[in-house]
Amino acid sequence: MKNINQTEWQELIANDSNAVIIDVRTARECAEGIIENAIMIDFLDFNLFKEWIEKLDKNKNYYIYCRSGQRSAQACQKLDEIEVNRTYNLLGGMLAWGGRTVIPEFKL
């Protein structure tokens with residue numbers, strides 16, 4: 001896992017054809033807006049999270065964020081445990097994010 005700031009995040013993703021963005025917040029938190037192209041996988045729903053990460057391509061680069069950077073750091077550690085190639089944690093999470101967000105299409 002590598003902790004990166006927003007500037008590094010945007011630069012890396014812009015040049016990474018292997019990038020997968022994962023939002024590990026709850027559905028209620030995601031309803032406020034997500035980073036564009038993010039996949040929502042609630043880290044607090046352990047069974048769902050475990051099911052999802054077992055299906056991930058270990059050769060992709062995973063950019064993970066949450067509200068403040070704590071859950072995403074834990075999620076990165078879980079991916080590292082299953083030998084995913086590269087994981088990046090967004091320092092400060094959505095609280096520090098100043099970039100574009102979109103409202104996901106789902107109903108609570």
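A: Buried means under 20% relative accessible area, exposed over 50%, and partly exposed in between, with a 1.4 Å probe and protein chains only. This is a predicted model, in which local features need pLDDT of at least 70 and side-chain atom pairs count only at pLDDT 80 or more, while totals for chains, interfaces and linings use all residues. Residues are numbered from 1 along each chain as its sequence is written, and side-chain values use heavy atoms, with hydrogens and water left out.

Q: OK, is Y63 buried or exposed?
A: Y63 counts as buried, because its relative accessibility is 1%. Y63 is found in strand β5, strands being DSSP runs of E with at least two residues and helices runs of H or I with at least four, numbered from the N terminus.

Q: And which side chain does Y63 make a polar contact with?
A: The side chain of Y63 is joined to that of D16 by a polar contact of 2.7 Å, meaning a pair of N or O atoms within 3.5 Å where, within protein, one must be able to donate a hydrogen and the other to accept it, and residues adjacent in sequence count only if both atoms are side-chain atoms.

Q: How far is Y63 from I21 in space?
A: Their C-alpha atoms are 4.7 Å apart, although Y63 and I21 are 42 residues apart in sequence.

Q: Switching topic, where does M1 lie?
A: M1 lies in the segment before β1 (2-4), and it counts as partly exposed because its relative accessibility is 42%. The C-alpha atoms of M1 and Q77 are separated by 6.9 Å.
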